[in-house]
Amino acid sequence: MADFDDLLAANRDFASDFSLGGFDGVAHAGVAIVTCMDSRIDPLGMLGLKPGDAKIFRNPGGRVTEAALEALVLGVHLLRVERVLVVPHTRCAVASNTEAELRARVSESAGQDASWQRFHVVDDQARALAEDVQKVRSHPLIPDTVKVGGFLYDVDSGLLEQKI
Ligand SMILES: [Zn+2]
């Protein structure tokens with residue numbers, strides 16, 4: 001039970017001046033972000049947003065998966081999302097390794113065979129981004145009034161560049 005004590009102590013500090021109580025949970029800036037789980041990415045900070053402003057969906061690579069689409073449909077219809085940013089990034093592990101390489105690295109770390117574990121790697125990041133943006137734009141429950149953009153985040157400069 002002590003494994004999380006440091007984090008729980010930090011949480012008590014956080015809650016001591018908590019200001020989001022009773023908050024409605026909609027995206028106050030009308031923004032949804034699909035991005036990578038990478039710890040170098042601060043999805044709110046990079047857009048000048050703050051907690052409460054945006055819906056954020058993260059996974060390895062920042063891919064528009066079925067679960068991401070589910071989140072975006074909820075965001076658009078129930079949580080006031082009007083703009084969607086799909087944001088993969090430079091030097092992403094799933095875009096710079098093959099599935100075989102990731103399996104080998106995980107196998108080595110785990111000390112056991114990991115060849116059965118699926119890793120959704122990206123062969124061509126630009127093409128994957130175009131496909132992902134198209135998945136959002138063409139979704140029957142996401143209307144054309146919702147603006148959808150594809151961007152690349154540079155983890156070394158902090159800059160976001162719109163690609164599509
Ligand atoms: Zn990544």
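Residues are numbered from 1 along each chain as its sequence is written. Because the model is predicted, local features need pLDDT of at least 70 and side-chain atom pairs count only at pLDDT 80 or more, while totals for chains, interfaces and linings use all residues.

Let me start with the site. An unreviewed UniProt entry lists Cys 36, Asp 38, His 89 and Cys 92 under "binding site", with positions in the numbering used here, feature names shortened, and annotations that may be inferred rather than shown by experiment. These residues are spread over 57 residues of sequence, yet they cluster in space, the largest C-alpha distance being 8.8 Å.

Cys 36 lies in strand E1, residues 31–36, where strands (E, at least two residues) and helices (H or I, at least four) are DSSP runs numbered from the N terminus.

Leaving aside neighbours within four places in sequence, Asp 38 touches His 89 and Cys 92, and the contacts of Cys 36 include His 89 and Cys 92, a contact being C-beta atoms, placed from the backbone, within 7 Å.

Turning to the core, Ala 32, Val 84, Val 86 and Val 136 touch the most other members among the 31 residues of the largest nonpolar core, a set of buried Ala, Val, Leu, Ile, Met, Phe, Trp, Tyr and Cys residues joined through C-beta atoms within 7 Å. E1 gives the largest share of this core, five residues.

Key. Two residues are in contact if their C-beta atoms, placed from the backbone, lie within 7 Å. A residue is buried if 20 or more other C-beta atoms lie within 10 Å of its own, exposed if 12 or fewer, and partly exposed in between; C-beta atoms are placed from the backbone.
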